[in-house]
Amino acid sequence: MSGVSFKFPVTHTSQSHLSAVDWDNLPFGKIFADHMFVMEYANGEWQKGEIIPFGPIDMHPAMSAIHYGQSIFEGMKAYRNQSNEVVLFRPELNARRFAESAARMCMPEIPEDIFLAAVKQLVSLDAAWVTDKPGYALYIRPFMFATDEFVGIKPSDTYKFVIINSPVGAYYAEPVRVKIEEHYTRAAVGGVGRAKAAGNYGASLYPAKLAQQQGFHQLVWTDAKTHTFIEESGTMNIVFVIDDKIITPTEEADTILRGTTKKTVLELARQWGIPVEERPVTVAEIIDAAKTGKLQDAFGAGTAATIAPIALIGYRDEKITLPALETRTLSLKIKAHLDGVKSGAIEDTMHWVQKVG
Ligand code: COI
């Protein structure tokens, strides 16, 4: 599909499910808005996309994505601001990362303007699903998978790009307990760790399950070779505050997902004059700082997780409790600022917010 103005045809649902949503008991990612966007790739190009009622997708048993894993996704959110407008937060970064993930997984890139037009038209159509309830948003899940009906190994010639939307509250209902993983590996240099590839999440489930059996919510992944450097957590990037400095693992190695929320946190900190160190971060320095009381704050940063304070770090046989939440002044200030920019209470001087519709 080569594009001019992207206005996709719409088939409206005959029955909205919005009135059935129980906003006070909303599980993360299990309820879906009325419509979805679908676009096929065939004959070497993207075909015209369309918006249709949310529902099951036909699948051939030999569909290559389920055999060989050519499957990528994104996570973004739409918010309702205090002027009753629906806004997206830095969606161009998701469009770019989606294209980068596609390239790494040998999948066709979606031009960023088509990606953004599809997201905006779909969210605009289901705008009634974007609540103004504090802490809530419409989680947007664009994804692409290979659809060739063929069990030989090769890049698929056909793909499906789909966007579904899910109203959500907090991903973590409480401060997060993480365990530093020194045996299993999420990503190795030269692998696909930087891509938002479905298989990265599948591969993390078993080690994460073992940690959950020990009372943790999530792992903190370390480098594949030495397990001495911190990389990211399974659902979010990770940020530390030591000696009033923000310290976070560098993304130079291709093993860490380039998160929008983390990028925003670092930009904000720099703007506020807070020293930021993006560099290799050792497990030893974080454990030492935590034990000697120098670790002022540790938090996850992610679209789903938002700014998620880390309450406890598990390291080998130890469980190290981090400072009380009310002392985490920097991450509380960052979260309040981001919430304020999204809601319109704080001026969006960095032009992070885009209106939908
Ligand atoms: C996101 O933050 O959007 C993600 O994709 C993480 C996922 C675990 C929900």
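Which residue ranges does the domain assignment of the chain give for domain 1 and domain 2?

## Domains

In this predicted model, the domain assignment places residues 18-168 in domain 1 and residues 176-343 in domain 2. The C-alpha centres of domain 1 and domain 2 are 26 Å apart. In the contact, domain 1 takes part with 22 residues and domain 2 with 22 residues.

## Area buried between the domains

The size of an interface is often given as the accessible area lost when the parts come together. For domain 1 and domain 2 the buried area is about 1900 Å², and 59% of it lies on carbon and sulfur atoms. On the side of domain 1, the residues that lose the most area to domain 2 are F73, F89 and R97, which together make up 32% of what that side buries.

## Polar and charged pairs across the interface

Between domain 1 and domain 2 the rule finds 12 residue pairs in polar contact, with both residues at pLDDT 80 or more. Four elements each supply at least two residues of the side of domain 1 that touches domain 2: the strands β4 (71-73), β5 (76-80) and β6 (86-89), and the helix α2 (91-104). Of these, α2 provides the largest share, 6 residues. Sorted by class, that side of domain 1 has 10 nonpolar, 6 polar and 6 charged residues.

The rule finds 1 salt bridge across the interface of domain 1 and domain 2. R90 and E267 form a salt bridge in which the closest N and O atoms are 3.0 Å apart.

## Ligand surroundings

Which residues surround the ligand? They are F73, G75, Y139, R141, Y171, K196, T235, T303 and A304. F73 is also one of the residues of domain 1 that lose the most area to domain 2.

The side chain of Y139 has an N or O atom 2.5 Å from a ligand oxygen. For K196, a polar side-chain atom is 2.8 Å from an oxygen atom of the ligand. For A304, a backbone N or O atom is 2.8 Å from an oxygen atom of the ligand.

## Salt bridges in the model

Side chains of opposite charge can pair when their charged atoms come close. By the rule used here, the count is 20 salt bridges.

Key: Residues numbered from 1 in each chain as written. Predicted model: local features only at pLDDT ≥ 70, side-chain atom pairs only at ≥ 80, totals over all residues. Heavy atoms only, no water. Domains from an automatic or database assignment. Contact = heavy atoms within 4.5 Å. Buried area = accessible area lost by both parts, 1.4 Å probe. Salt bridge = Lys/Arg side-chain N within 4 Å of Asp/Glu carboxyl O. Polar contact = N/O pair within 3.5 Å; in protein donor to acceptor, adjacent residues only side chain to side chain. Nonpolar A, V, L, I, M, F, W, Y, C, P; charged D, E, K, R; others polar. Near = heavy atom within 4 Å.
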